[in-house]
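Okay, thanks for coming, everyone.

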Amino acid sequence: MSRRHFGKLSATAIAGSAFSFHILPSHARGNLTKPTVVGIGTGGKGRVDITHCDEAGFHVVGLVDTADAKRMSSTERDVKRLKSVIETREQYPDAAFFTDYREMYEKLGDKVDAVIVSTPDHHHFHASAMGMQRGKHVYCQKPLTHGIWEARVLTELAKKHGVKTQMGNQAHANDHMRRCVELIRAGVIGPVREAHTWTNRPIWPQGFAKPPAKENMPSWLDWEQWIGPAPEVGYNANIAPFAWRGWWDYGTGALGDMACHIMDMAYWAVDPGVPATVKAEQQGATEVSPPINSKVLWEFAANQYTSKKGFKYFWYDGYLDAEFDRDTWALIKHSDEFNHPNTKLLDGLPFQQFGSIVIGEEGKLIFNRRHGNWFLHSRAGVDGFEWPDQTIARAKDQDPYKEWFDAITGKIDQAESHFGQSGPFAETVLLGVIAQQNPDEELEWDAKEMEIVGRPDLKKLVQRDYRKGWKFKG
């Protein structure tokens with residue numbers, strides 16, 4: 001069947017069922033040499049993702065953003081946080097532009113091989129799921145989804161449709177991370193007992209109790225589409241384009257934003273499976289906004305890489321002496337001290353220069369995803385340790401975009417942070433987000449049933465309801 005003829009058929013079918021129609025996957029059309037890609041979300045990280053995919057070898061044929069740069073006034077074009085949206089549009093003048101990715105999927109059809117999803121968290125699921133249902137390869141920013149049920153469905157869709165996927169935790173492609181994973185699995189620190197990870201985030205507004213006053217919506221913004229499947233709120237510049245991270249309805253706070261980066265190495269190395277329980281402490285969270293700082297503990301059953309007593313994963317975030325100031329709509333910190341584990345665990349190394357510690361029965365590995373200066377502290381020394389061969393493929397140029405490109409073009413089977421790996425990881429992180437909303441309680445997780453044991457009231461946090469017009473059809 002010719003592409004032109006198939007396109008005519010697909011346009012009719014899509015009009016009848018935008019969520020359930022499956023376009024012939026690109027990998028079934030033969031080996032691609034320059035796959036076409038659409039960037040969904042073009043500002044900030046979206047601009048970075050699109051540019052890097054272009055450099056990796058993709059052909060950018062479409063852009064989707066609720067902000068239309070061509071409708072901005074000269075004054076608005078000088079706003080710092082809007083510049084990247086404008087620059088992306090100017091960089092790809094021939095790319096078709098849409099404010100609604102549902103319309104993009106309908107109109108571009110099989111002209112698209114892949115999509116990059118760099119939207120706020122609450123759009124990750126729909127934009128990615130709709131793409132995979134149509135046979136599109138998907139690169140989706142972290143956290144993979146806004147909620148646990150969504151992460152499970154994306155994992156299943158990726159497997160069902162055989163598409164090439166990648167979550168945007170970029171350091172997953174770094175050689176030093178992959179080497180540390182190999183070493184831990186080979187037993188360089190012995191069976192793993194626990195891991196600790198920490199961040200100074202949030203540095204954006206969190207901990208507010210009610211929305212800001214509604215403002216006049218700018219003419220260049222499609223606010224209805226920005227809200228999308230999430231609960232509606234009146235427009236205010238303190239919500240978009242950046243501060244949405246501090247809203248439960250649109251973001252997932254510091255934990256959702258940073259854990260898929262910082263927790264990645266230890267989670268990958270230990271491959272802990274499903275958490276049995278999770279418990280959080282927090283300060284500053286409200287019904288609408290995540291905490292100013294928190295601690296979270298997940299506990300896992302034992303496996304081949306862990307202590308016989310199981311594995312504990314600790315998370316720390318946020319400045320300890322900070323408060324939300326409503327007048328400036330900002331977090332005000334009164335000291336530079338942010339949440340971190342006991343400094344004794346770092347053996348004298350400054351916690352500010354690292355992000356994680358993995359502790360085994362025979363030593364510890366102290367790590368930062370941003371640089372290769374990791375430290376191995378062994379109780380018994382490493383004499384006689386058989387240094388393992390490379391067991392994890394290395395990404396070309398340590399570049400996650402090139403790795404995804406190589407998967408799509410058939411050079412490798414899958415990128416390493418594909419949804420089969422990153423989906424369950426995201427579920428673990430997002431279970432911690434639920435714990436933050438229900439602090440000081442040990443929550444027991446039933447992964448098979450996707451429910452918190454004995455807490456039917458929390459089902460809405462596992463699988464949220466969507467606004468009218470956004471119901472997902474699998």
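Let's start with two helices: H4, residues 101-108, and H5, residues 124-133, have axes that come within 10 Å and cross at roughly 15°. Helices here are DSSP runs of H or I with at least four residues, strands are E runs of at least two, and both are numbered from the N terminus. The axes are lines fitted to C-alpha atoms, for helices over the stretch in contact, and angles go from 0 to 180 degrees between N-to-C directions.

Before I go on, this is a predicted model, where local features need pLDDT of at least 70, side-chain atom pairs count only at pLDDT 80 or more, and totals for chains, interfaces and linings use all residues. Numbering runs from 1 along each chain as its sequence is written, and side-chain values use heavy atoms, leaving out hydrogens and water.

Back to our pair: H4 and H5 are therefore roughly parallel to each other (that's angles under 35 degrees; over 145 is roughly antiparallel, 65 to 115 roughly perpendicular, and the rest oblique). So who touches whom? On the H4 side we have Tyr101, Arg102 and Tyr105, and they meet His126, Ala127, Met130 and Gly131 in H5 (contact being heavy atoms within 4.5 Å). Those contact residues split into four nonpolar, two polar and one charged. For the bookkeeping, Ala, Val, Leu, Ile, Met, Phe, Trp, Tyr, Cys and Pro are nonpolar, Asp, Glu, Lys and Arg are charged, and the others, Gly among them, are polar.

Next pair: H2, residues 45-56, packs on H3, residues 83-91, at about 25°, with the axes 10 Å apart. H2 and H3 are therefore roughly parallel to each other too. Arg47, Ile50, Thr51 and Asp54 in H2 meet Ser84, Glu87, Thr88 and Gln91 in H3. That contact comes out as one nonpolar, four polar and three charged.

Now the sheet. It's open, with six strands in the order S3-S2-S1-S4-S5-S6 and parallel pairing (two strands pair if DSSP finds at least two bridges between them). S3 (96-98) and S6 (165-168) stand at the edges with a single partner strand each, so one side of each has no neighbour in the sheet. Further in, five bridges join S1, residues 36-40, to S2, residues 59-64, and Thr36 stands opposite His59 in S2.
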